[in-house]
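User: I am new to this structure and would like to see how its labels follow from their definitions. Please set each value against its cut-off.

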Amino acid sequence: MQIDRRALLRKLVSYVAASPVIAAAQSAKEGKTTIYPPVYSDEIMGPVNLHEFEPIAKEKLHKLAYDFIAGGVEDEVTLRANRESLECLRIVPRVMTDVSSVDTSVTLLGKKLQSPLLLAPTGGKNLVLPGADLICARAAAQVDCIYSVGGAPMDRLEDEGVELTWWRNTIGQATRDAAQNFARRCDDDGAGAILLTVDNQYQSNRDRNNRNRFDYGYMSGGVPEEGVEREPRNPAVAAMLLPHTPGMTWEYMEWIRQVSDIPVVVKGILHPEDAAAAVEHGASGVVVSNHGARQLGSVVASIDALPDCVQAVGGRVPVLMDGGIRRGTDVLKALALGASAVQIGRPYLWGLAAFGQEGVQRVYELLAAEIRLAVALAGKKDLASIDSGMVRNPQCGL
Ligand SMILES: Cc1cc2nc3c(=O)[nH]c(=O)nc-3n(C[C@H](O)[C@H](O)[C@H](O)COP(=O)(O)O)c2cc1C
């Protein structure tokens, strides 16, 4: 058979023209350049996704500390469900929509974020490193995200000239006086909001901690070194009934409102009627969350609880979500189901344990970069154009 040289040449030209390398060169000519996430040392750039920080952290942490962070409550059914339900969802992307520039910014309570991603409150960080709350706060300032924190002295950051929007996390106070003093302090300290955790009525039943004879006192001072005796403060015992704020009701919100205009964001909502109640009692935001599967066992996965809560809130305030978020596509799914933004907990603690402040930054920036790419490849140029039609749940017939 004779070779048709012209046809061959045409084929070659069209093949070269279709090549992504040529497309990239053409894009560069048009002023469109590749955007890389910030680069760190080779060691920190080792993990290529959020999952891969965990084994590095595990290697470096005391077993009691690792189990405290990694674990969920009882049989860890919900811990698995948080991931399984996210993975169960499938994205149906759009094409031919001109995504040559992508904007993943969102404004929450007046603060513009470049990515719809926050660092969730995580108590007990001193199990990882002394002063861990401030280390994470510096990382949050560096990536310019909102950081929620319990008791850490945030005025130290001001002294250092670090600028950060931070929310004060609390499980509430038992009396009106204590609640009102707390709200005044938050105002004075410059907190952007109170993040009120409402699913922590009692210490939960975490088998790993019970088995390890973990002492909740270690959360502030770390696990004692081998051979060092420490007074037991709060030993974990299976199914103990250790009260945190069991008497708290929606009246708490009124107590705060009487003395302060500080926004209150309510975290730990899974039932749509509670989502609606939070808004009716003056919440400025709602976080659909099962506390990273660490409070009541066998509760619904956060992503499964999200759509009904979003509907109940009806756009009156932003709805955030956390629990199992590990990939940019997870975030895309949560946004499609109505979340304004999401939080991560364990992943940034693994970043912290693995590589300190830069590890936290890298975890955040890697996920933010994945979000940007996921939005672009889904054919969306900004978060406002993401809609519920983009996700399907083949198992549940969504
Ligand atoms: C070690 C650890 C400590 C936590 N401490 C708190 C806390 O003090 N207050 C709170 O509201 N949530 C707390 N959480 C829950 C997180 O705020 C968040 O809801 C959860 O970690 C999100 O799930 P993820 O870890 O799968 O991202 C904690 C989570 C972890 C892993």
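User: What is Arg362 in contact with, leaving aside its neighbours within four places in sequence?

Analyst: Arg362 is in contact with Tyr40, Ile44, Gly351 and Phe355. Two residues are in contact if their C-beta atoms, placed from the backbone, lie within 7 Å. This is a predicted model, in which local features need pLDDT of at least 70 and side-chain atom pairs count only at pLDDT 80 or more, while totals for chains, interfaces and linings use all residues. Residues are numbered from 1 along each chain as its sequence is written.

User: Which class do Glu74 and Asp98 fall into, and why?

Analyst: Glu74 counts as buried because it has 20 C-beta neighbours inside 10 Å. Asp98 has 7 such neighbours inside 10 Å and therefore counts as exposed. Glu74 sits in the loop between α4 (63-70) and α5 (77-88), and Asp98 in the loop between β1 (90-91) and β2 (106-108). Glu74 is not a glycine, yet its phi is positive, about 45 degrees. Asp98, also a residue other than glycine, has a positive phi near 50 degrees.

User: How do you know that the length of helix α6 agrees with its number of residues?

Analyst: The expected span of a helix is 1.5 Å times one less than its number of residues. Helix α6 (residues 132-143) has twelve residues and should therefore span 16 Å; its end C-alpha atoms are 17 Å apart, which agrees. After α6 comes Asp144, with a positive phi near 60 degrees.

User: What makes α6 mostly covered?

Analyst: Nine of the twelve residues of α6 are buried, including Leu134, Ile135, Cys136 and Val143. Among the elements that cover these buried residues are β4 (117-119), β5 (147-149), α7 (155-160), β6 (166-170) and α15. Apart from neighbours within four places in sequence, Cys136 is in contact with Leu119, Lys125, Tyr147, Tyr348, Leu352 and Val360.

User: Which residues touch the most other members of the largest nonpolar core?

Analyst: A nonpolar core is a set of buried Ala, Val, Leu, Ile, Met, Phe, Trp, Tyr and Cys residues joined through C-beta atoms within 7 Å. The largest one has 110 residues, of which Leu117, Cys136, Val286 and Cys309 touch the most other members. Helix α15 (residues 346-377) gives the most to this core, with 16 residues.

User: How do you know that the radius of gyration agrees with a compact globule?

Analyst: The radius of gyration is taken over C-alpha atoms, and the globule rule is 2.2 Å times the number of residues to the power 0.38. For 398 residues a compact globule would have a radius near 21 Å; the chain has 23 Å, which agrees. Buried residues make up 43% of the 398 residues.

User: Which residues are the closest around the ligand?

Analyst: The closest are Ala120, Gly123, Thr197, Gly292 and Gly345, among 23 residues that surround the ligand. A residue is near a molecule if its C-beta atom, placed from the backbone, lies within 6 Å of it.

How values were computed. Helix = DSSP H or I, 4+ residues; strand = E, 2+ residues; numbered from the N terminus.
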